Amino acid sequence: MLEFGILFPSVLNGLTTGAVYALIALGLTLIYGVLHIINFAHGAALMVALYGVYLLKSRFGIDPYLALPVVVPGMFVVGYALQRGIINRASHGRDENILLVTLGLSIVLENLALLLFKSDTRTIETAYTLTTLQIGPAFIALPKLVAFAGALAASGLLLWIVKRTDLGRAIRAVAKEKHGAKLMGIDVDHVYAMCFGIGLGCLGAAACFLLPAYYVNPQVGSGFVLVAFTIVVLGGMGSFAGALVGGLLIGVVESIGGLFLGESLGQIGIFAIFIAVLLFRPQGLFGARV
Amino acid sequence: MSNRRTFIQQSAAAATTLAFPLVGGAQAKAVKVGILHPVTGALAFSGQQCREGALMAVEDINKAGIKGLGGAKLEVMLGDAQSTPQAGAAEIEKMNEAGCAAVVGAYASAICLATTQAAAKYNLPHVVDVGVADQIVQRGLKNTFRFGPGYAACAQVAVGNLHVLNTLAGKPAKTVMIIHEESLFGTGTANLLARELPGFGFEVKDVIKHANPTRDFNNIVLRMKSVNPDIVIPANYYNEYALLVRTMQQQKVMPKAIYSVLGGAASSYKFLKEFPDAANGIIDCNHWFNPKDKRAAELRQRTEAKGLFFTYEIFNTYTAVRLLADAIDRAKSADRAAITDALAKSTFSDHFMPYGATRFENGQNMGAQPLMTQVIKGDIRVIVPREYREADPIFPLRA
């Protein structure tokens with residue numbers, strides 16, 4: 001089992017999954033870092049995005065990768081509207097309200113999906129679903145490699161936005177000192193909604209990269225959201241670099257765990273890490289000491 | 001000789017005929033039957049196939065009506081078990097409330113276990129169409145009847161025949177790896193296989209289970225690469241089976257044989273059409289029809305004319321509904337106890353399965369048996385037993 005020819009493909013496989021995890025976690029950590037919202041509706045929003053990609057492919061024949069320019073802005077608009085229209089209004093400025101509002105949103109979205117799509121597990125078939133590339137002793141499915149590259153590119157773009165653009169500076173300002181930012185003329189409500197929109201836009205990108213090698217059903221988000229929370233805690237709440245490294249690490253841990261312990265028990269490694277981080281390094285790998 | 005009850009029934013029927021001479025036989029009261037399958041959720045494909053098979057049987061039965069009940073027709077109440085035992089049991093409650101005379105279902109073993117038990121509370125006769133776990137018929141439930149074989153019988157046939165094939169080929173295969181789904185069906189089958197195989201000189205190298213749905217078999221196939229077994233035995237449902245075999249193809253893992261038990265490419269025209277290359281040479285031990293019976297070929301044509309694949313779900317449930325109609329006919333009544341009694345004494349033989357006339361012992365049809373099939377030259381052929389053989393087996397596939 002410890003041969004290179006077996007371990008290496010498993011690690012590669014884990015890295016490709018981990019990149020998508022990272023992208024999902026980036027959206028979550030952005031929303032947390034700035035808005036201090038623990039977004040329980042993150043998984044449900046991913047599910048919505050996956051159904052969007054699925055419908056575009058099955059109804060209009062649009063390839064999931066070509067659907068990126070539709071799904072990402074679509075999810076951004078949904079996120080912006082959700083934050084300004086529902087979450088911001090219903091919270092009345094109290095964090096515990098926001099928790100309940102996002103939890104409620106996730107329940108509403110999941111049950112709407114159940115009503116519209118039934119509990120069926122749906123997949124899409126593309127010409128490249130079964131194509132593999134050989135890297136050394138490993139055969140990696142093409143959609144996974146595309147997901148890896150795409151997720152890294154999207155993460156890079158997000159980091160660039162936060163570090164280099166005016167919007168990014170505003171986001172960082174609001175995250176550090178809300179009142180100060182407001183005094184400097186920053187429209188805080190707008191920045192909040194932009195963050196939520198960008199966070200959901202990340203999910204839109206993740207959905208496009210995920211679906212060619214994955215499936216969608218109304219409960220699909222819950223598995224991801226647990227992993228994404230683990231990654232955010234592991235990397236440090238609100239840390240972008242942490243989310244990226246944490247995502248890749250968790251992907252590899254899951255893959256190796258699956259290899260040695262079997263598919264059902266393989267995920268145990270993820271949650272062991274979650275508990276260990278909370279016990280010994282609660283600020284996360286890249287987080288500042290609280 | 002007629003007792004008081006049948007006398008009253010007959011007089012009532014006669015009175016109805018006299019009162020409405022113009023409509024006559026059409027007045028026979030319809031018999032309500034529940035058709036319960038997991039038509040949504042992880043098992044949706046199989047559940048929908050079962051439902052289609054059942055509906056085709058009802059269509060055939062209703063052409064002439066049930067003679068023993070004055071040409072009464074079957075009225076179908078459809079149920080959806082949503083791929084979970086709880087939802088299946090809840091549907092039984094509804095079917096009982098609605099006054100169903102009997103139920104046919106519910107495909108998956110774990111669901112059948114729940115639905116038969118729920119139906120037993122109301123003495124509601126339950127014909128199990130697929131559900132291979134033997135616990136289904138081993139709990140002493142008087143209402144439960146399974147037409148097809150259980151997994152112990154199938155595992156025995158599979159292992160016995162694997163031994164014969166291997167011996168005839170000069171024993172090229174020594175090691176086995178079993179991959180199964182995690183519910184009752186897969187786990188039970190895998191346990192039986194793992195217990196039986198060593199007795200025939202096979203070493204079971206690894207037994208791996210996976211969830212439903214699983215969308216990534218890379219780790220399992222990597223493990224397979226490392227173990228390098230001569231024979232791979234999958235026991236799982238369609239989606240995961242297809243993905244497993246395709247991942248093996250992607251990762252270029254080629255064992256001496258893929259030998260599926262209760263499922264697989266060599267008993268699925270769907271798999272054969274979708275992945276002809278991956279299907280080639282695969283051997284299955286599964287529910288299959290008598291290939292020499294013309295009625296099976298006719299039903300296959302009808303199924304394909306509807307744009308559906310003629311899978312075991314279709315013909316198993318089709319014949320299960322015919323079995324129930326036959327029992328209602330013999331019972332000459334829509335009364336639950338009378339139908340249960342007629343099922344227990346059933347000698348139903350007007351079908352195309354390789355079972356002979358039914359003979360139930362504790363709810364299990366004793367003549368039921370799986371057949372061994374193999375994908376040979378792009379078609380599914382029966383290879384064992386001899387009386388149904390269409391082609392000689394190819395084993396091992398690769399030296």
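Helices (H or I, at least four residues) and strands (E, at least two) are named here as DSSP runs, numbered from the N terminus. On that basis, B:Pro385 lies in the segment after strand 14 (379–384) of chain B.

This is a predicted model, in which local features need pLDDT of at least 70 and side-chain atom pairs count only at pLDDT 80 or more, while totals for chains, interfaces and linings use all residues. Residues are numbered from 1 along each chain as its sequence is written, and chains are lettered from A and ligands numbered from 1 in the order in which they are written.

1. Cis peptide bonds in chain B. The bond from B:Val384 to B:Pro385 is cis, with omega near 0°. Another cis peptide bond joins B:Phe395 and B:Pro396, with omega about -5°. B:Pro396 is likewise placed in the segment after strand 14 of chain B.

2. Positive phi at B:Leu262. This residue, which is not a glycine, has a positive phi near 55°. B:Leu262 sits in the loop between strand 9 (257–261) and helix 9 (269–274) of chain B. B:Leu262 counts as buried because 29 C-beta neighbours fall inside 10 Å. A residue is buried if 20 or more other C-beta atoms lie within 10 Å of its own, exposed if 12 or fewer, and partly exposed in between, with C-beta atoms placed from the backbone.

3. Positive phi at B:Asn362. Phi of B:Asn362, also a residue other than glycine, is positive and near 50°. B:Asn362 belongs to the loop between strand 11 (360–361) and strand 12 (364–365) of chain B. B:Asn362 has 15 C-beta neighbours inside 10 Å and therefore counts as partly exposed.

4. Domains of chain B. Chain B is divided into domain 1 (4–149 + 292–365) and domain 2 (152–286 + 371–388); such bounds come from an automatic or database domain assignment. The C-alpha centres of domain 1 and domain 2 of chain B lie 31 Å apart. Their contact takes 18 residues from domain 1 of chain B and 19 residues from domain 2 of chain B, two residues being in contact if their C-beta atoms, placed from the backbone, lie within 7 Å.

5. The domain 1 side of that contact. Helix 2 (44–64) and helix 4 (109–120) of chain B each supply at least two residues of the side of domain 1 that touches domain 2. Helix 4 of chain B gives the most, with 3 residues. By class, this side of domain 1 of chain B has 13 nonpolar, 3 polar and 2 charged residues. Here Ala, Val, Leu, Ile, Met, Phe, Trp, Tyr, Cys and Pro count as nonpolar, Asp, Glu, Lys and Arg as charged, and the others, Gly among them, as polar.

6. The contact between the chains. In all, 22 residues of chain A are in contact with 25 residues of chain B. On the chain A side, helix 1 (4–35), strand 2 (138–141) and helix 10 (240–261) each supply at least two residues. Helix 1 of chain A provides the largest share, 4 residues. The chain A side divides into 9 nonpolar, 9 polar and 4 charged residues.

7. Helix 2 and helix 8 of chain A. The axes of helix 2 (residues 42–60) and helix 8 (residues 188–210) of chain A come within 8 Å and cross at roughly 50°. Helix 2 of chain A is therefore oblique to helix 8 of chain A. Axes are lines fitted to C-alpha atoms, for helices over the stretch in contact, and angles run from 0 to 180 degrees between N-to-C directions. Angles under 35 degrees count as roughly parallel, over 145 as roughly antiparallel, 65 to 115 as roughly perpendicular and the rest as oblique. The contact of helix 2 with helix 8 of chain A has 11 nonpolar, 2 polar and no charged residues.

8. Helix 9 and helix 10 of chain A. Helix 9 (residues 220–235) and helix 10 of chain A pack at about 125°, with their axes 8 Å apart. These two helices of chain A are therefore oblique to each other. Residues of helix 9 of chain A in this contact include A:Val227 and A:Ile231, and those of helix 10 of chain A include A:Gly246 and A:Ile250. The contact divides into 7 nonpolar, 5 polar and no charged residues.

9. A:Pro143. This residue is placed in helix 5 (residues 142–164) of chain A. A:Pro143 is buried, with 24 other C-beta atoms within 10 Å. Leaving aside neighbours within four places in sequence, A:Pro143 is in contact with A:Tyr128, A:Thr129, A:Pro212 and A:Ala213.
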